[in-house]
Amino acid sequence: MKNRIRNSLALAAACIVAAPALAAEVPYPQDYRQWTHVKTLELKPGHPLYEAVGGIHHLYANAAALKGYRGGYRFADGAVIVFDLFEAKDVGNATAEGARKAVLVMRRDAKRYAATGGWGYQLYDPATKQGKLDARAQAECHACHQSQEKQGFVFSAWRD
């Protein structure tokens with residue numbers, strides 16, 4: 001009996017230690033380019049996030065996220081915002097899209113992502129559609145988004 005209790009405690013402790021490495025899954029957003037385009041921006045050299053996600057960002061919102069933008073940044077569960085990230089190339093005095101670098105996703109689910117303010121974060125490889133962020137990296141994403149708590153943890157804004 002003591003061995004079984006000791007083994008159960010050891011297993012529970014191992015799960016608690018391993019938990020930070022596990023991230024709640026943020027599903028890949030199918031057909032996101034059919035959603036509403038929110039804005040386009042470019043992160044250039046000198047921006048604090050340039051090394052990680054520099055380039056051209058096209059932001060898309062599903063219907064729930066669009067309602068959140070229009071409703072004073074009150075995002076309901078199911079809201080998804082996608083950042084379609086491309087290399088930025090200078091071509092003939094214009095900035096043009098290069099290769100797709102990543103697909104970044106924010107998904108709202110207050111219970112599932114409670115540890116990160118109700119938002120799940122994921123960065124997908126565009127070729128394999130495999131997520132690259134573990135729980136620690138998702139927490140780092142959220143640490144940056146903390147500054148936007150009054151805007152539902154979202155940096156972008158809707159404009160009519």
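**Cysteines**

I looked up C141 and found it partly exposed, with a relative accessible area of 26% (buried is under 20%, exposed over 50%, partly exposed in between, using a 1.4 Å probe and protein chains only). C144 is partly exposed too, at 36%. I then searched the whole structure for disulfides and got 0 (a disulfide being a pair of cysteine sulfur atoms within 2.5 Å). The sulfur of C141 has its closest cysteine sulfur in C144, 8.1 Å off, so the two are too far apart for a bond.

**Ground rules**

This is a predicted model, in which local features need pLDDT of at least 70 and side-chain atom pairs count only at pLDDT 80 or more, while totals for chains, interfaces and linings use all residues. Residues are numbered from 1 along each chain as its sequence is written, and side-chain values use heavy atoms, with hydrogens and water left out.

**Strands**

I took helices (H or I, at least four residues) and strands (E, at least two) as DSSP runs, numbered from the N terminus; two strands pair if DSSP finds at least two bridges between them. β2 (residues 55-61) runs antiparallel to β3 (residues 80-90), with 6 bridges joining them. I noted I81 in β3 as the bridge partner of A61. β3 is also antiparallel to β4 (residues 95-108), through 10 bridges, and there F86 is partnered with R100 in β4. β3 and β4 make a hairpin with 4 residues between them, and G92 in the turn has a positive phi of about 55 degrees.

**Helix α3**

Which residues of α3 (residues 63-70) are buried? I get A65, L66, G68 and Y69. Seen down the helix axis, these buried residues fall within an arc of 160 degrees, so they line one face of α3 (the arc is taken from the directions from the axis to the C-beta atoms). On the face turned away from that buried side I find the exposed residues A63, K67 and R70.

**Largest pocket**

The largest pocket has a volume of about 600 Å³. A pocket here is an open set of points on a 1 Å grid over the protein atoms alone, where a 1.4 Å probe fits, with protein on both sides within 12 Å along at least five of seven lines; lining residues have an atom within 4 Å of a point. Of its 24 lining residues, L49, V53, F83, L104 and H145 are the closest to the centre. α4 gives the most to the lining, with 4 residues. I count the lining as 17 nonpolar, 5 polar and 2 charged.

Technical notes
Grid points are joined across faces, edges and corners, and a volume is the space filled by probe spheres set on the points. Ala, Val, Leu, Ile, Met, Phe, Trp, Tyr, Cys and Pro count as nonpolar, Asp, Glu, Lys and Arg as charged, and the others, Gly among them, as polar.
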